[in-house]
Amino acid sequence: MPRAKTTKKPTRSEVTKPRKRETAAMPMGEHGMRGGHASLVERNLPSLADSMTFAKMIRPNLRFLPHIRDLRWLFQDLCDRKDQATLTDIEKSRYLCAFEMINNDGTLGKLVDIHAEMHMQHTNDRLLPWHRVFVLLFEEAMHNYHPDVCVPYWDWTRTDEQHFPDWLATITPTVTTPTRTITVTRAPGPSAELDSITSGVFGPSGAMSQTTYGDFTGPINLIHGGVHVWVGGTMSDASVAAADPVF
Ligand SMILES: [Cu+2]
């Protein structure tokens with residue numbers, strides 16, 4: 001019996017070809033990508049520059065409106081980075097919606113693969129700046145769908161937040177990257193463990209008592225790794241960790 005015709009997987013060159021075309025067709029700054037980091041987004045996630053969403057479509061048009069100030073809620077320049085425990089139900093649902101959208105359009109998968117690559121971004125001084133740019137790209141991708149969404153922080157040093165965030169507990173997405181499919185799993189540890197990691201932050205020789213960046217990043221790397229391991233499952237493996245929305 002002849003084998004059923006299967007869809008041919010694109011070769012690497014077929015996958016990378018449109019990237020060149022997109023970059024050439026979309027000069028920096030078009031479609032309302034703002035200022036300096038437009039090129040950064042384009043370079044790393046060219047499909048973002050090429051995609052067109054409602055939020056993006058109205059952004060450049062509204063720039064010329066005299067009452068743009070009344071629309072600040074839609075076009076905030078900087079993110080109001082809130083404690084995840086203080087988010088309203090609307091803020092949580094918008095965040096989850098934007099997360100799902102960038103998962104569906106493939107952007108999240110690309111970011112997960114970038115994080116899995118070797119950029120020397122862990123266990124050294126590059127940890128904080130590298131991940132700051134990574135979160136910026138992640139946030140910019142979500143702004144494609146919800147311009148007012150900001151990545152919140154989880155203050156696991158607070159006694160009342162020393163547990164896995166409730167609103168994310170049931171969110172275990174399957175993320176398809178350009179190279180694999182990842183289904184998020186977790187195995188959070190006991191609260192007391194987060195409390196002991198906290199002593200590395202505020203303790204006598206903890207991260208916050210350091211006075212130079214070099215001295216600060218040493219303990220921060222250990223603390224950061226400790227929380228990844230505490231969450232467990234996907235988060236405890238750097239090659240897949242960024243697929244978990246708690247990341
Ligand atoms: Cu990382």
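Let's start in a loop: Met120 sits between helix 6 and helix 7. The model you are looking at is predicted, and its secondary structure comes to 10 helices and 2 strands.

**The loop between helix 6 and helix 7**

- Met120 is not a glycine, yet its phi is positive, at about 55°.
- Thr123 belongs to the loop between helix 6 and helix 7 as well, and here too phi is positive in a residue other than glycine, near 60°.
- As background, most residues other than glycine have a negative phi.
- Are these two residues buried or exposed?
- Thr123 has 14 other C-beta atoms within 10 Å, so Thr123 counts as partly exposed.

**The chain as a whole**

- Read along the sequence, the elements follow the pattern α-α-α-α-α-α-α-α-β-β-α-α.
- The chain has 247 residues, and 20% of them count as buried.
- Take the contacts between residues at least 6 apart in sequence: 67% of these join residues at least 24 apart.

**Helix 10 and its partner, helix 9**

- The axes of helix 9 (residues 191–202) and helix 10 (residues 213–231) come within 9 Å of each other and cross at roughly 170°. That angle is over 145°, which means helix 9 is roughly antiparallel to helix 10.
- On the helix 9 side, the contact is made by Glu193, Leu194, Ile197, Gly200 and Val201. They meet Pro219, Leu222, Ile223, Gly226, Val227 and Trp230 of helix 10.
- By residue class, this contact of helix 9 with helix 10 divides into 8 nonpolar, 2 polar and 1 charged.
- Within helix 10, the buried residues are Thr217, Ile220, Trp230 and Val231. Helix 7 and helix 9 are among the elements that cover them.
- Gly232 follows helix 10 and has a positive phi, near 75°.

- Leaving aside residues up to four places away in sequence, Thr234 touches Ile182, Val184, Thr185, Arg186, Val240, Ala241, Ala243 and Asp244.
- Thr234 and Phe247 are 13 residues apart in sequence, and their C-alpha atoms are 9.8 Å apart in space.

**The largest nonpolar core**

- Which members of the 30-residue core touch the most other members? They are Val112, Ala141, Met142 and Ala243.
- Two or more residues of this core come from each of helix 3 (46–50), helix 5 (89–104), helix 6 (107–116), helix 7 (127–143), helix 9 and helix 10.
- Ala243 links back to the previous topic: not counting residues up to four places away in sequence, Ala243 touches Thr234 along with Val112, Pro173, Val175, Ile182 and Val184.

Conventions: Residues numbered from 1 in each chain as written. Predicted model: local features only at pLDDT ≥ 70, side-chain atom pairs only at ≥ 80, totals over all residues. Axes fitted to C-alpha atoms, helices over the stretch in contact; angles between N-to-C directions. Helix = DSSP H or I, 4+ residues; strand = E, 2+ residues; numbered from the N terminus. Parallel < 35°, antiparallel > 145°, perpendicular 65-115°, else oblique. Contact = placed C-beta atoms within 7 Å. Nonpolar A, V, L, I, M, F, W, Y, C, P; charged D, E, K, R; others polar. Core = buried A, V, L, I, M, F, W, Y, C linked by C-beta atoms within 7 Å. Buried ≥ 20, exposed ≤ 12 C-beta atoms within 10 Å, placed from the backbone.
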